[in-house]
There are 2 protein chains.
Amino acid sequence: MDIKSRLWIEKDGKPFIGYGRIKLLKEVDKTASISAAAKALKMSYKKAWNLLNDIETLATQPVLVKNIGGKNGGGTQVTDYGKSLIVQFETLNENCINFLENEYKKLEL
Amino acid sequence: MDIKSRLWIEKDGKPFIGYGRIKLLKEVDKTASISAAAKALKMSYKKAWNLLNDIETLATQPVLVKNIGGKNGGGTQVTDYGKSLIVQFETLNENCINFLENEYKKLEL
DNA sequence: ATTCGTTATGTTTGATAGGATATAACGCTT
DNA sequence: AAGCGTTATATCCTATCAAACATAACGAAT
């Protein structure tokens, strides 16, 4: 028996960032490529693109810098703002898990 | 922009109780009927029955007392243990929401 | 000019969860 | 004995979401 949680942040009732999207954003930051990130996470390029596009359209600041064509076909960089989203969400998530783990001990199930 | 969360408790990697199941359990307690609860929550009887069945098979103590036939065709009562699951989960959930609401204020998104 | 790997986007196919439907057993009420 | 509304369960159908496939634009390198 263990406790699980998922948290996310919405904007206008639509999901902005959550567990999956941050994981993807992290992988893009690591690989500097949407297609490589998608492959690493075993999701289709299209799905990855859609998720990232959703983030970008809801964000008030640029999250990604994309290049089409050129050396190695192009690539994608995560902006400082995008990186701050990653860090903030991850610490929030960890804090939540710790909180719940502690609360969970008090229960009798 | 607001923060959302979903939490649930697993047993053997399978979902035991969570937001939807507790909501259903509450409605069964209120109506003393699986079919009435399903109708109130606009879900099919089958889905409701399956969810409740999942809870029961994972629980170590009885959660429901069911009667087939008889006055009004039968009905279902939630045991004291079942009620304790409801109360414990709901307070846990509320505590989590409060915690997150507070943490959320600290973020810059 | 051609090739290459990327971003970008539309269309078609497929899987699967849920809804709808059907049927039976049960026991109180009439 | 018949009827009613419940629990219980199997089967079929469908709506939705994701995967798969296809195609184009782009720009550096060769």
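Colleague: How many residue pairs does the rule find in polar contact across the interface of chain A and chain B?

Modeller: This is a predicted model, where local features need pLDDT of at least 70 and side-chain atom pairs count only at pLDDT 80 or more, while totals for chains, interfaces and linings use all residues; side-chain values use heavy atoms, without hydrogens and water. Residues are numbered from 1 along each chain as its sequence is written, and chains are lettered from A and ligands numbered from 1 in the order in which they are written. A polar contact is a pair of N or O atoms within 3.5 Å; within protein, one must be able to donate a hydrogen and the other to accept it, and residues adjacent in sequence count only if both atoms are side-chain atoms. With both residues at pLDDT 80 or more, the number of such pairs across the interface of chain A and chain B is 11.

Colleague: Which elements of chain A each supply at least two residues of the side that touches chain B?

Modeller: Helices (H or I, at least four residues) and strands (E, at least two) are DSSP runs, numbered from the N terminus. On the side of chain A that touches chain B, the elements that each supply at least two residues are strand 1 (2-11) and helix 4 (80-104).

Colleague: How many nonpolar residues does that side of chain A have?

Modeller: Ala, Val, Leu, Ile, Met, Phe, Trp, Tyr, Cys and Pro count as nonpolar, Asp, Glu, Lys and Arg as charged, and the others, Gly among them, as polar. The side of chain A that touches chain B has 4 polar and 7 charged residues, and its nonpolar residues number 15.

Colleague: How much area do chain A and chain B bury between them?

Modeller: Chain A gives 26 residues to the contact (heavy atoms within 4.5 Å) and chain B gives 26 residues. Buried area is the accessible area (1.4 Å probe) that two parts lose on being put together, summed over both. Here 68% of it is on carbon and sulfur atoms, and the total is about 2,600 Å².

Colleague: Which residues of chain A is Gln88(B) in contact with?

Modeller: Gln88(B) sits in helix 4 (residues 80-105) of chain B. With a relative accessible area of 15%, Gln88(B) is buried (under 20%; exposed is over 50% and partly exposed in between, with a 1.4 Å probe and protein chains only). Leaving aside neighbours within four places in sequence, its contacts are Leu107(A), Glu108(A) and Leu109(A).

Colleague: Is Ile22(A) buried or exposed?

Modeller: Ile22(A) belongs to helix 1 (residues 19-31) of chain A. Beyond its neighbours within four places in sequence, Ile22(A) is in contact with Ile17(A), Leu85(A), Ile86(A), Phe89(A) and Glu90(A). Because its relative accessibility is 2%, Ile22(A) counts as buried.

Colleague: How many salt bridges does the structure hold over all chains?

Modeller: A salt bridge is a side-chain nitrogen of Lys or Arg within 4 Å of a carboxyl oxygen of Asp or Glu. Across the interface of chain A and chain B the rule finds 0. Over all chains, the structure holds 8.

Colleague: Which residue forms a salt bridge with Lys66(A)?

Modeller: In this pair, the closest N and O atoms are 3.0 Å apart. It links distant parts of the chain, strand 3 and helix 3 of chain A, 10 residues apart. Lys66(A) is partly exposed at 36% relative accessibility, and its partner is Glu56(A).

Colleague: Which residues come nearest to DNA strand D?

Modeller: A residue is near a strand if one of its heavy atoms lies within 4 Å of it. Of the atoms of DNA strand D within 4 Å of the protein, 61% belong to sugar or phosphate and the rest to bases. Among the 20 residues around DNA strand D, those that come nearest are Gly69(A), Ile34(B), Tyr45(B), Lys46(B) and Trp49(B).

Colleague: Which residue has a backbone N or O atom 3.1 Å from a base oxygen of DNA strand C?

Modeller: Gly73(A) has a backbone N or O atom 3.3 Å from a base nitrogen of DNA strand C. For Gly70(B), a backbone N or O atom lies 3.1 Å from a base nitrogen. The residue with a backbone N or O atom 3.1 Å from a base oxygen is Gly69(B).
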